Amino acid sequence: MADEAAFDAEELEAARVLFAHPVRFLMGAVSIAGLPDTDLPEVAFAGRSNVGKSSLINAVTGRKDLARASNEPGRTREVNFFVADEKLRLVDLPGYGWARASKSVARKFQNLGRDYLRGRPNLKRVYLLIDARHGLKEPDREALDALDVAAVSYQIVLTKADKLKAAEVAKVTAETLQKVSRRPAAFPRVLATSSEKGTGIPELRAEILAACFPPV
C-alpha cells in the first residue's frame with residue numbers, strides 16, 4: 001500500500017513551493033526529431049485516454065487549464081512538455097486504448113510514446129495512471145511490459161480515488177502493488193490520488209521532486 005508517511009512536512013512543503021512557481025507549456029512534439037534538449041530532468045505521465053491525465057497534471061501544478069482536458073478521450077496525440085520553475089519538465093504522453101482512433105493512428109502515437117521512453121536519458125520516472133475504480137486492465141499490462149522493456153523507472157498512480165470508499169481505495173492500492181511487485185522497473189509505492197479533492201497530490205509532487213533531485 002502507498003506509504004503516505006514517505007515524506008515529511010519539510011519535503012512536502014518544498015514540493016509545494018516548487019510548483020507554486022511558474023509552470024508553462026513548452027511544446028508538443030509529433031516526432032522524436034522534434035523533442036527538446038535533454039538538459040532538464042523529466043517525469044512523464046502515461047495512461048489510458050480516459051484516466052484523467054490532464055486533470056492530474058493540472059492538479060499537480062495548481063493550474064486549471066495548463067493541460068487541456070477534452071470531452072473526447074484520446075485527443076492527446078502528441079508528446080506535450082511543460083516546464084516547472086525552469087527546473088524540471090512534466091511530459092504528457094499520448095493516451096492508449098482509444099475507442100475512436102483507427103488502429104493505424106493509435107499505433108503511430110503509441111509508437112511515439114515508446115520511442116520517447118527509449119530515447120530520453122534525462123527521464124527520471126514515468127507515472128502510469130490507473131483508474132482506481134477499475135484497477136489494472138489488459139491494456140495497462142501491455143504498458144507495464146513496454147516500460148519494463150525500456151528499463152524506465154515507473155510508479156503506479158491511482159486516479160479518481162474519491163469515487164471509492166476509503167476501504168476500497170486501500171484494497172485496490174494493495175492489490176495493485178502486489179501485481180507489480182515483481183516487475184523489474186516498478187517503483188515500490190502505489191499512490192492513490194483525486195484531482196477533484198486533492199487527495200495524494202502533495203505526495204505526488206514530493207515523489208516528482210525526489211525523482212528529479214534525489215537526496216544526496
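Which residues of helix 2 are buried? In this predicted model, they are Lys53, Ser54, Leu56, Ile57, Asn58, Ala59, Val60 and Thr61. Helix 2 spans residues 53-61 and is mostly covered, with eight of its nine residues buried. An α-helix has 3.6 residues a turn, so residues three or four places apart point the same way. Within helix 2, Leu56 and Val60 are both among the buried residues. The helix is followed by Gly62, whose phi is positive, near 70 degrees.

The side chain of Lys53 makes a polar contact with the side chain of Asp92, at 2.5 Å. Asp92 belongs to strand 4, and its relative accessibility of 2% places it among the buried residues, because the cut-off for that class is under 20%. Lys53 is likewise listed among the buried residues of helix 2.

The wider setting may now be described. The protein chain contains six helices and seven strands, which follow one another from the N terminus in the order α-β-β-α-β-β-α-β-α-β-α-β-α. Of its 216 residues, 50% are buried. Among contacts between residues at least 6 apart in sequence, 76% join residues at least 24 apart.

The seven strands form an open sheet with mixed pairing, in the order 1-3-4-2-5-6-7. Strand 1 pairs with strand 3 in the antiparallel sense over six bridges, and Arg24 stands opposite Val83 of strand 3.

Elsewhere in the sheet, strand 2 pairs in the parallel sense with strand 4 over four bridges, and Glu42 faces Arg89 of strand 4 in this pairing. Strand 2 also pairs with strand 5, again in the parallel sense, over six bridges; the bridge partner of Ala44 in strand 5 is Val126.

How many of the residues of strand 2 are buried? Six of its six residues are, and the strand is described as mostly covered. In a regular strand the side chains alternate between the two faces of the sheet. In strand 2, Glu42, Ala44 and Ala46 lie on one side and Val43, Phe45 and Gly47 on the other, and both faces are covered.

Helix 5 (residues 166-180) lies across strand 6 (154-159) and strand 7, and runs at about 155 degrees to strand 6. Helix 6 (residues 201-212) lies across strand 2, strand 4, strand 5, strand 6 and strand 7, and its direction makes an angle of about 155 degrees with strand 5.

The structure holds three aromatic pairs. One of them joins Phe45 and Tyr127 in a tilted arrangement, with 5.6 Å from centre to centre and 35 degrees between the planes. Phe45 lies in strand 2 and Tyr127 in strand 5, so the pair ties together parts that are 82 residues apart in sequence. Phe45 is buried, with a relative accessible area of 0%, and Tyr127 is also buried, with a value of 0%. A ring takes part in another kind of arrangement at Phe187, where the charged end of Arg125 sits over the ring, 3.9 Å from its centre.

Most residues other than glycine have a negative phi, and most peptide bonds are trans.

Conventions:
Residues are numbered from 1 along each chain as its sequence is written. This is a predicted model: local features need pLDDT of at least 70, side-chain atom pairs count only at pLDDT 80 or more; totals for chains, interfaces and linings use all residues. Side-chain values use heavy atoms; hydrogens and water are left out. Two strands pair if DSSP finds at least two bridges between them. Helices (H or I, at least four residues) and strands (E, at least two) are DSSP runs, numbered from the N terminus. Contact means heavy atoms within 4.5 Å. Axes are lines fitted to C-alpha atoms, for helices over the stretch in contact, and angles run from 0 to 180 degrees between N-to-C directions. Buried means under 20% relative accessible area, exposed over 50%, partly exposed in between (1.4 Å probe, protein chains only). A polar contact is a pair of N or O atoms within 3.5 Å; within protein, one must be able to donate a hydrogen and the other to accept it, and residues adjacent in sequence count only if both atoms are side-chain atoms. Rings of Phe, Tyr and Trp (its six-membered ring) pair if their centres lie within 6.5 Å; planes under 30 degrees apart count as stacked, over 60 as edge-to-face and the rest as tilted. A charge sits over a ring if NZ of Lys or CZ of Arg is within 6 Å of the ring centre and within 35 degrees of the ring normal.
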